[in-house]
Amino acid sequence: QVQLVESGGGSVQAGGSLRLSCAASRYGAIGNCMGWFRQAPGKELEGVASVTRTNGQTNYADSVKGRFTISQDNAKRTLYLQMNNLKPEDTAMYYCAASNAYYGCLDLQIRREDFAYWGQGTQVTVSS
């Protein structure tokens with residue numbers, strides 16, 4: 001059973017930074033795409049960023065381009081999301097997710113249905 005455990009969330013003022021981490025068990029059983037999603041109260045789940053594990057290709061939601069960076073450390077079996085210049089609208093529960101397929105992430109799309117494994121989430125709160 002693949003388990004994903006997020007950490008690094010917290011409260012920060014607008015303009016600040018946070019780095020989220022996602023530690024994965026059974027890293028070898030994870031498919032070729034990992035990503036981050038977020039859900040704000042009363043809003044739908046939004047794909048934030050994804051990375052294809054084998055070639056490092058990344059995708060970002062327009063709302064976070066230039067501010068967030070997704071990265072992976074295979075030696076540590078960990079996925080990261082570096083979030084800079086945070087805004088109040090970034091406030092949400094952030095989830096790590098992984099696919100179970102051999103093919104990489106879709107270009108320009110980060111879709112919930114492409115991910116089989118999910119973490120429990122970590123809360124990010126940005127105050128103005």
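F115 has a relative accessible area of 8% and is therefore buried, since the cut-off for that class is under 20%. The model in view is a predicted one.

Searching the whole structure gives four aromatic pairs. In the pair formed by F37 and F115, the ring centres are 5.1 Å apart and the planes meet at 85°, so the arrangement is edge-to-face. F37 belongs to strand β4 (residues 33-39), while F115 sits in the loop between β9 (92-98) and β10 (117-118); the pair therefore ties together parts that are 78 residues apart in sequence. Both F37 and F115 are buried.

F115 also pairs with W118: here the centres are 6.3 Å apart and the planes are at 65°, so this pair too is edge-to-face. W118 has a relative accessibility of 28% and so counts as partly exposed. Through these ring pairs, F37, F115 and W118 are linked into a cluster.

R53 lies over the face of Y27, at 4.2 Å from the ring centre.

Is D90 buried or exposed? Its relative accessible area is 0%, so D90 is buried. Which residues is D90 in contact with, leaving aside its neighbours within four places in sequence? They are R38, R67, F68, N85, V124 and V126.

How values were computed: Residues are numbered from 1 along each chain as its sequence is written. This is a predicted model: local features need pLDDT of at least 70, side-chain atom pairs count only at pLDDT 80 or more; totals for chains, interfaces and linings use all residues. Side-chain values use heavy atoms; hydrogens and water are left out. Rings of Phe, Tyr and Trp (its six-membered ring) pair if their centres lie within 6.5 Å; planes under 30 degrees apart count as stacked, over 60 as edge-to-face and the rest as tilted. Helices (H or I, at least four residues) and strands (E, at least two) are DSSP runs, numbered from the N terminus. Buried means under 20% relative accessible area, exposed over 50%, partly exposed in between (1.4 Å probe, protein chains only). A charge sits over a ring if NZ of Lys or CZ of Arg is within 6 Å of the ring centre and within 35 degrees of the ring normal. Contact means heavy atoms within 4.5 Å.
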